[in-house]
Amino acid sequence: MTDLFAPRPTPRLALDGDSRSFPVNRIFCIGRNYADHAAEMGAAAEPIFFMKPAHSVITGAAVPYPPQTADLHHEVEMVLALGPGAEIIASGTGVDLTRRDLQAQMKEKRAPWEIGKAFTASAPVGPLRLGPPPKTGAITLSVNGESRQSGDLKQMILPPAELIDALSRYFDLAEGDLIFSGTPAGVAAVSPGDTVEAGIAGLPSLTFTLTGA
Ligand code: MN
């Protein structure tokens, strides 16, 4: 049998200092993994899980501002990358872009979050670094040079190993899966034209500018 059409290519992430690439399978996300962010959202500090499609990954310096929102928020997060055996083989810096207005509407209706979280280009990710993820160190985000988020990886309620254990109870984690591991306090809105700089101590940084409207 032949395909009706060519399948979309698998999204791939660059590896820092390595010519190979990381093919993306799924994107799992954890919410409320930093107590100070859970508090600013008026939520209990009890981690929850959601997903974004693999094709929401975007690399490069330009990220389109999505439609249907007037309140796009940044959330800087350490991204864990899984290899065979669901082992963490690399990590990097990502931003969980969120249409906060739509997410809030869905929360109010007790409905799923996809329209707030799983849109095209909602997952900017920088190059991954092979090896175990850092356990402590600064996790920061600035917009147009102004500091917005400043936390430490050690604040994670579920650190990477426990996060894998928790997710594994519900999902058959596999090679190619990415895990967005949650964001510290300071999430806020960005606008077209804004430049976002996200950094995690010991990992490659991520910089992008929001384009269009
Ligand atoms: Mn998030």
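This is a predicted model: local features need pLDDT of at least 70, side-chain atom pairs count only at pLDDT 80 or more; totals for chains, interfaces and linings use all residues.

Biologist: In what order do the six strands of the open sheet lie?

Modeller: Strands of a sheet pair through backbone hydrogen bonds, either parallel or antiparallel. Helices (H or I, at least four residues) and strands (E, at least two) are DSSP runs, numbered from the N terminus; two strands pair if DSSP finds at least two bridges between them. Here the order is S4-S3-S15-S8-S9-S12, with mixed pairing. Strand S4 (48-52) and strand S12 (129-130) are the edges, each pairing on one side only. S12 is joined to strand S9 (residues 88-95) in the antiparallel sense over two bridges, and leucine 130 in S12 is the bridge partner of alanine 90.

Biologist: Which helix packs on the sheet?

Modeller: Contact means heavy atoms within 4.5 Å. Axes are lines fitted to C-alpha atoms, for helices over the stretch in contact, and angles run from 0 to 180 degrees between N-to-C directions. Helix H4 (residues 160-168) touches strand S3 (27-31), S4, strand S8 (76-82), S9 and strand S15 (178-180), and its direction makes about 65° with that of S8.

Biologist: Which residues of H4 are buried, and why do they line one face of the helix?

Modeller: Buried means under 20% relative accessible area, exposed over 50%, and partly exposed in between (1.4 Å probe, protein chains only). In H4, the buried residues are Pro160, Leu163, Ile164, Ala166 and Leu167. Seen down the axis of H4, they fall within an arc of 165°, so they line one face of the helix; the arc is that of the directions from the helix axis to the C-beta atoms. These buried residues pack against S3, S4, S8, S9 and S15.

Biologist: Which residues coordinate the manganese ion?

Modeller: Donors are N, O and S atoms within 2.8 Å of the metal (3.2 Å for Na, K and Ca); water is not among the atoms, so sites may look incomplete. In this model Glu75 (OE), Glu77 (OE) and Asp96 (OD) coordinate the manganese ion at 2.0 to 2.1 Å. Along the chain, the donors follow the spacing E-x1-E-x18-D. Both glutamate 75 and glutamate 77 are buried.

Biologist: How many aromatic pairs does the structure hold?

Modeller: Rings of Phe, Tyr and Trp (its six-membered ring) pair if their centres lie within 6.5 Å; planes under 30 degrees apart count as stacked, over 60 as edge-to-face and the rest as tilted. The structure holds three such pairs. One of them is the tilted pair of phenylalanine 28 and phenylalanine 171, at 4.8 Å centre to centre and 50° between the planes. This pair links distant parts of the chain, 143 residues apart: phenylalanine 28 is in strand S3 and phenylalanine 171 in the loop between H4 and S15. Phenylalanine 28 is buried, with a relative accessible area of 1%, whereas phenylalanine 171 is partly exposed at 30%.

Modeller: Phenylalanine 50 and tryptophan 113 also form a tilted pair, 5.5 Å centre to centre with 55° between the planes. Phenylalanine 50 lies in strand S4 and tryptophan 113 in the loop between helix H2 (100-108) and helix H3 (114-117), 63 residues apart.

Biologist: Where does a positive phi occur in the hairpin of S17 and S18?

Modeller: S17 and strand S18 (residues 206-211) pair in the antiparallel sense over four bridges. Their hairpin has five residues between the strands, and glycine 202 takes a positive phi near 90°. Strand S13 (residues 138-143) also pairs with strand S17 (residues 195-200), in the antiparallel sense over five bridges. Valine 196 in S17 stands opposite valine 143 and opposite phenylalanine 208 in S18.

Biologist: What does proline 184 contact, leaving aside its neighbours within four places in sequence?

Modeller: Proline 184 lies in the loop between S15 and strand S16 (189-190) and is buried, with a relative accessible area of 0%. Its contacts include Tyr34, His37, Val76 and Ile139. The C-alpha atoms of proline 184 and glutamate 77 are separated by 8.0 Å, although the two residues are 107 residues apart along the chain.

Biologist: Is leucine 178 buried or exposed?

Modeller: Leucine 178, in strand S15, counts as buried at 0% relative accessibility. Leucine 178 and isoleucine 27 are 151 residues apart in sequence and 4.8 Å apart in space, C-alpha to C-alpha.

Definitions and conventions
Residues are numbered from 1 along each chain as its sequence is written. Side-chain values use heavy atoms; hydrogens and water are left out.
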